[in-house]
Amino acid sequence: MVKPEQMEGPYFVDERLNRSDIRSEPSTGQLVAGTPLALNFTVQQIRQQVCTPLPDAMVDLWQCDAFGLYSDIPSQGSRGRRFLRGYQNTDQSGAARFTTILPGWYTGRTLHIHLKIRTVGTNGRPYEFTSQLYFTPEFGAAYLRTEPYRRKGPADTTNSRDAIYRSGGAQMLLRPQQAGNGYAADFAIGLDLSNTQVGRPD
């Protein structure tokens with residue numbers, strides 16, 4: 001379950017917005033357009049090749065909307081807005097659950113959702129794991145043909161052409177299943193908390 005760290009990218013904002021459903025704009029309560037996606041994380045600690053649940057880890061998600069825009073990015077005209085951002089702390093079983101939407105796309109990147117997990121390392125120092133979650137090309141191509149995504153058309157970059165995906169993205173694939181009017185996906189990850197150097201393989 002050890003997964004690769006990947007670049008944070010330019011759109012992380014440490015909003016400290018504690019919520020499970022990240023679809024709404026907090027200032028208005030309005031939901032962003034898009035197909036619902038329930039994401040269920042299981043976070044574990046790896047010690048001496050044994051996995052145990054990791055409670056009280058901060059799992060942070062951020063992503064673009066159906067049209068490729070991020071919130072709270074001045075260059076995108078979204079300063080002060082906070083849609084599609086939020087965190088949850090894992091429970092005693094290491095679980096954290098989110099409701100979001102399937103992401104749109106923007107030039108040069110394949111479909112993805114950003115993930116950051118923060119806790120304390122075995123040496124007492126802050127521990128941080130940052131990576132990105134992806135979708136199979138078949139799944140992505142299918143939902144981009146539906147509303148509201150179809151207004152923007154098919155993505156201009158596939159997984160195989162995405163430089164970030166090529167560095168371990170195959171280990172970060174989501175496999176959503178139909179659930180009601182949307183989809184649900186489970187993702188398990190094991191962290192080696194003895195390595196608190198950010199960006200080094202865990």
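**Pockets, core and salt bridges**

The lining of the largest pocket consists of eight nonpolar, six polar and three charged residues. Here Ala, Val, Leu, Ile, Met, Phe, Trp, Tyr, Cys and Pro are nonpolar, Asp, Glu, Lys and Arg charged, and the others, including Gly, polar. Glu25, Val32, Asp65, Arg81 and Phe83 lie nearest the centre of this pocket, which has 17 lining residues. The space in this largest pocket is about 210 Å³. A pocket is an open set of points on a 1 Å grid with protein on both sides within 12 Å along at least five of seven lines, while a cavity is a set where a 1.4 Å probe fits but cannot get out; lining residues have an atom within 4 Å of a point.

The model is predicted: local features need pLDDT of at least 70 and side-chain atom pairs pLDDT 80 or more, while totals for chains, interfaces and linings use all residues. Numbering starts from 1 along each chain as its sequence is written, and side-chain values use heavy atoms, without hydrogens and water.

The second largest pocket has a volume of about 160 Å³. It is lined by 13 residues, and Leu111, Pro137, Ala141, Ala155 and Thr158 are the closest to its centre. Helix H1, residues 137–143, gives the most to this lining, namely three residues. Helices (at least four residues) and strands (at least two) are DSSP runs. Sorted by class, the lining of the second largest pocket holds seven nonpolar, six polar and no charged residues.

What about enclosed space? The whole structure contains one cavity of 30 Å³ or more. The largest cavity has a volume of about 40 Å³. Among the residues that line the largest cavity are Phe12, Arg16, Asp60, Trp62 and Arg85. Strand E3 (58–62) and strand E4 (85–89) each supply at least two of the lining residues, and E3 gives the most, with three. By class, the lining of the largest cavity has five nonpolar, one polar and four charged residues.

In soluble globular proteins, nonpolar side chains tend to be buried together. The largest nonpolar core in this model has 41 residues, and those with the most contacts inside it are Leu39, Phe41, Leu115, Ile117, Leu133 and Leu191. Buried means under 20% relative accessible area, exposed over 50%, and partly exposed in between (1.4 Å probe). Elements that give two or more residues to this core include strand E1 (36–47), strand E6 (112–120), H1 and strand E10 (182–191). Strand E7 gives the largest share, five residues. A separate core of seven residues includes Tyr11, Phe12, Ile73 and Tyr106.

How many salt bridges are there? The count is nine, a salt bridge being a side-chain nitrogen of Lys or Arg within 4 Å of a carboxyl oxygen of Asp or Glu. Arg118 pairs with Asp60, with the closest N and O atoms 2.8 Å apart. Arg118 is in strand E6 and Asp60 in strand E3, 58 residues apart, so the pair links distant parts of the chain. Both Arg118 and Asp60 are buried.

Arg109 and Asp162 form another salt bridge, at 2.7 Å from N to O. Arg109 lies in the loop between E5 and E6, and Asp162 in the loop between H1 and E8, 53 residues away. Arg109 is buried at 10% relative accessible area, and Asp162 is buried at 0%. The side chains of Glu147 and Arg150 also meet in a salt bridge, at 3.9 Å from N to O. Glu147 is partly exposed, with a relative accessible area of 44%. Finally, salt bridges with shared partners join Asp14, Arg16, Asp60 and Arg118 into one network.

Technical notes
Points joined across faces, edges and corners; volume = space filled by probe spheres on them. Core = buried A, V, L, I, M, F, W, Y, C linked by side-chain atoms within 4.5 Å.
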